[in-house]
Amino acid sequence: MLLIALTLICGSCVSEKQYSDTPEGNFEQLWKIMDQKYCFFDYKKIDWDSVHNVYSKYITSDMDDNALFEVLGNMLGTLKDGHVNLYSTGNTARYWSWYEDYPKNFDENIKDRYLGTDYHVAGGLKYKILSDNIGYIYYGDFSESVSNGIINDMLSYLAICNGIIIDVRNNGGGLMTNSSTLASHFTDKKVLTSYVRHKTGSGHNDFSKPYAIYLDPSDGIRWQKKVIILTNRHCFSATNDFVNNMHCLPSVTLLGDKTGGGGGMPFTSELPNGWAVRYSASPYYDKSMNQIEFGIDPDIYVSLSTEDASQGRDTLIETARNLLNK
Amino acid sequence: MNYDAFRTLILCIELLLPTVLSAQKLDSLRTNQLTVRCVQYGIGHSNILDTYLSTQEYKGIDFRTSRETMRMTNIGKGNVSVQNFLQADFSFGKNRVDNNNTLAGMVNWNYGLHYQFKLSDNFKLLAGGLGDTNLGFIYDLRNSNNPASLRAYINIDASAMAIWHFHIKKTALVLRYQLNTPILGVMFSPEMGESYYEIFSLGHYSGTIKLTSLHSQPSLRQFLSLDIPIGQQQIRLSYLGDLQQSHVNNIKTHSYSHVFMIGFVKRLYKLSNKELQKLPASIQAY
């Protein structure tokens, strides 16, 4: 038995092809990583073989790192995915058109005028009670922690309010656990919010079955009054997930612009020259199995008007206040 | 252990424990109570690949410690020995352009039996099976949502060993070669694009426990050791080749370590509680 085992082992080296650290080797390695692991080829109707044919023509053995980086970055740009990046020591290739090509609908200075100087700060949350008894919460980064204790204290403080506004504009994402922790305080029952699949093989359609994701109610304070979520095109990734979670709750209204999307869980790999590449590895869907990669529409579209902005007013916040006070 | 050393050991035991063993003769010594134990420390080279984390191999240094015991049993008319081998290693690797690192650690426990074929007084071949339990990790210092890979697998190994007692001039030496390879096992592995967040936070465990065999986990561990008496001590010098591979859920991994180890060999005779009670309390430490 041992001899049979040894014979099999000797002929069974488990390894991955190690491409050369040359422009050709790095190009082929990047193309292969994406070919086998990227999860949105069919949804986005991208012919990745054709992309290879187009961009391989720009690869020459004597090109320098800057030129190689530009070609590889442009190739990744065809995926139109904010979760796809190439990182060298000197630059980051990115696709940011998901928010750069759209109105901002957010002004940091105007937001700060609403918060004033006497607002509460806990974890990543900033909040205060506005003059018309509406609670205003700004959460600008899902990488910043929000524990159940922080949220319980915040909701206790805001308990007297008629409703609350949760402003996640310009929140580019962070930790998914923060998304579900915060959302869990706005439901009193278990709710189906989304589905997830992941790649199981190197084929473009090699996916697992869809797994349902539920939002469980928090053991702490559960807010049951009205909530309005303010969104813009810069809501991405974990923020997109939070908006999707909240959209499943009956007391929640989405107001503002469509979110930026980012519905794929990103993974990282690397090239022979040490450059890191990030890519979407597993797609998330809404509760009806619709893709959320390109964003979530609000219930009420509202844009920041130039007139309001010039007067230091935020059209989205003002609209939300009016709705909550009706 | 050669015959002279064995007699010396018996003599020592008889001197120390006259009330217990004064009538004991060599052929009546219960060999199943005589344990050979060795604790070793080593350093070597590692080569790690885990395509869940990176397409690139990470090469670096491997630090390792091990504890091994062997003794005879009553099984098979006293021809079966039991081996208990526990090792832990930690490695630090870098990619080929040295701009990123991985940390890896593994605890491995082997426990099993060998039938001893005594071909001569000095040379024997052992064949048997081991339970082979492994728990460890690989951590990539740069990755975001896939920063680490959990390594957890249990195997039944086929194992063979050759032990040769010989002399160079008057020095008694023991040379041992051992080879273990997993035949059947189970392994934890995420699926190719499945995040640990999905497994552990969302509870999607389906497909993460896989049956493995030679086709999906062609691995082996081999030991070459030489026991050398130095004064009153016995030193063990070892080479350990730990070649672990897997191809499960379309994720390829390998961890090749070549480690040189050194340690001390101890021979311990286990006394039963009944025998200990015959000893005067005044000469016992406790």
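Which strands of chain A does α9(A) lie across? In this predicted model, α9(A) lies across β9 and β10 of chain A, and its direction is at about 135° to β10(A). Chain A contains 11 helices and 13 strands, and it meets chain B in a contact that takes 40 residues from chain A and 41 residues from chain B. The points below treat chain A as a whole, its sheet, its helices, the contact with chain B, and selected strands of chain B.

**Chain A as a whole**

- The C-alpha trace of chain A spans about 75 × 55 × 30 Å along its principal axes.
- Of the 326 residues in chain A, 44% are buried.
- When contacts in chain A between residues at least 6 apart in sequence are considered, 72% of them join residues at least 24 apart.

**The seven-stranded sheet of chain A**

- Seven strands of chain A form an open sheet in the order β3-β4-β5-β6-β9-β10-β13, and the pairing within this sheet is mixed.
- The edges are taken by β3 (120-122) and β13 (300-301) of chain A; each has a single partner strand, so one side of each is left without a neighbour in the sheet.
- Strand β9 (residues 226-231) of chain A runs parallel to β10(A), and five bridges join the two. Within this pair, A:I229 stands opposite A:L254 of β10(A).
- β10(A) is also joined to β13(A), by two bridges and again in a parallel arrangement. Here A:G256 has A:Y301 in β13(A) as its bridge partner.
- Strand β10 of chain A covers residues 252-256 and is mostly covered, with four of its five residues buried.

**Helices of chain A**

- Two packed helices are described by the angle between their axes and the distance between the axes.
- For helix α8 (residues 176-183) and helix α9 (residues 238-247) of chain A, the angle is about 25° and the axes are 8 Å apart. An angle under 35 degrees counts as roughly parallel, and α8(A) and α9(A) are therefore roughly parallel to each other.
- The crossing in which α8(A) passes α9(A) is right-handed.
- On the α8(A) side, the residues that meet α9(A) are A:M176, A:N178, A:S179, A:S180, A:L182 and A:A183. Their counterparts in α9(A) are A:A238, A:D241, A:F242, A:N245 and A:M246. By class, the residues of this contact comprise six nonpolar, four polar and one charged.
- α8(A) is mostly covered, as six of its eight residues are buried. The buried residues are A:M176, A:N178, A:S179, A:S180, A:L182 and A:A183.
- The buried residues of α8(A) pack against α7 (148-157), β8 (211-215) and α9 of chain A, and also against α4 of chain B.

**The contact between the chains**

- The contact takes 41 residues from chain B and 40 residues from chain A. Five elements of chain B each supply at least two residues of the side that touches chain A: β6 (148-168), β7 (171-188), α4 (196-201), β10 (233-248) and β11 (251-269).
- The side of chain B that touches chain A has 22 polar, 12 nonpolar and seven charged residues.

**Paired strands of chain B**

- Strand β9 (residues 220-230) of chain B is antiparallel to β10(B), and 11 bridges join them. In this pair, B:L224 stands opposite B:Y239 of β10(B).
- β9(B) and β10(B) form a hairpin with two residues between them, and B:G231 in the turn has a positive phi of about 60°.
- β10(B) also pairs with β11(B) in the antiparallel sense, over 14 bridges. B:I235 stands opposite B:F264 in β11(B).
- The hairpin of β10(B) and β11(B) likewise has two residues between the strands, and B:N249 takes a positive phi near 55°.

**A buried residue of chain B**

- B:V36 belongs to strand β1 (residues 34-50) of chain B.
- With 20 other C-beta atoms within 10 Å, B:V36 is buried.
- Leaving aside residues up to four places away in sequence, B:V36 touches B:T69, B:M70, B:R71, B:V265 and B:R267.
- B:V36 and B:Y269 are 233 residues apart in sequence, while their C-alpha atoms are 9.0 Å apart in space.

Note on methods
Residues are numbered from 1 along each chain as its sequence is written. Chains are lettered from A and ligands numbered from 1 in the order in which they are written. This is a predicted model: local features need pLDDT of at least 70, side-chain atom pairs count only at pLDDT 80 or more; totals for chains, interfaces and linings use all residues. Two residues are in contact if their C-beta atoms, placed from the backbone, lie within 7 Å. Ala, Val, Leu, Ile, Met, Phe, Trp, Tyr, Cys and Pro count as nonpolar, Asp, Glu, Lys and Arg as charged, and the others, Gly among them, as polar. Axes are lines fitted to C-alpha atoms, for helices over the stretch in contact, and angles run from 0 to 180 degrees between N-to-C directions. Angles under 35 degrees count as roughly parallel, over 145 as roughly antiparallel, 65 to 115 as roughly perpendicular and the rest as oblique. A crossing is left-handed if the near helix is turned anticlockwise from the far one by less than a right angle, and right-handed if clockwise. A residue is buried if 20 or more other C-beta atoms lie within 10 Å of its own, exposed if 12 or fewer, and partly exposed in between; C-beta atoms are placed from the backbone. Two strands pair if DSSP finds at least two bridges between them.
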